[in-house]
Amino acid sequence: MNINAYINNTKIFNELQKNQLQKNTSEDNEKNVSFLDTLKDKLNEVNDKQIEADDLTQKFIKGEEDDVHKVMLSTEEAKMSLELAVQIRNKLIDAYEEFNRMQI
Amino acid sequence: MNNVFRGMRISSSGLTAERLRMDTISSNIANATTTRGKNGQPYIRKVAVFQENLQEELDKTSGTYKTSFKGVKAVGIEDDASPLRRVYDPSHPDADKEGYVTMPNVNILNEMADMIASTRAYEANVNSMNAQKNMFSKALEIGR
């Protein structure tokens, strides 16, 4: 399945198109970035943000970090990333449900 | 993704700068009557100096260099060159032959005004950060 809705990187998009064109001639799909990989990659980034925020909070409690606003910014970044991820998930679920409701 | 948070990071650098300014103001107020500072001189008023923080960055898509904003950074804490105050107080241990004491060039009223400015600037940075956050949240409401 190839859904090309969630691609925020034009480079990937170009490569996908290139691969589509090349598909007829060669079967090697090692450069083909799948949608699932992109999603996993981005989810990992969201997770990294959470870990970073947690790390900074721990450091602040221990007294190693002395800027409160940096801790707040980091937690806020993590929160916003997660909100974005949730919205993307909602859109995916919506699309999936739309397909499920399709009359055959 | 990190470009989304760039504005907030710039605001964060502003917050760090204001904290440093606040530190110097606190130091000035605390040492307003310190007559024995560095090398026997009275305390000299400290001023935090800031610099715009720009960075040349290679744009990978076009191969050209572009300047990106990274907010503000402190260059250093420098001495105020204004003349020291001379106060008549013969009972002071550091008074000279004529009974005058050289006091730091700190004016408490100026420091108080600076403190208000610094606090307000901090608030302004927090507000700008919140505004950016709200814009992001609003963008997530598209299509809801």
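**Chain A and its interface with chain B**

Of the 104 residues of chain A, 24% are buried (under 20% relative accessible area, 1.4 Å probe, protein chains only). The model is predicted: local features require pLDDT of at least 70 and side-chain atom pairs pLDDT 80 or more, whereas totals for chains, interfaces and linings use all residues. Residues are numbered from 1 along each chain as its sequence is written, chains are lettered from A in the order in which they are written, and side-chain values use heavy atoms, without hydrogens and water.

Chain A contains three helices and zero strands, in the order α-α-α along the sequence; helices are DSSP runs of H or I with at least four residues, and strands are runs of E with at least two. Among contacts (heavy atoms within 4.5 Å) in chain A with a separation of 6 or more, 43% join residues 24 or more positions apart.

At the interface, 18 residues of chain B contact 16 residues of chain A. The buried area between the two chains is about 1500 Å², 61% of it from carbon and sulfur atoms; this is the accessible area (1.4 Å probe) lost by both parts on being put together, summed over both. Three salt bridges are counted between chain B and chain A, each a side-chain nitrogen of Lys or Arg within 4 Å of a carboxyl oxygen of Asp or Glu. One of these pairs B:Arg19 with A:Asp67, at 3.1 Å from N to O. On chain B, α1 (6-30) and α2 (108-140) each supply at least two residues of the side that touches chain A.

Key
Buried < 20%, exposed > 50% of the residue type's maximum accessible area, 1.4 Å probe, protein only.
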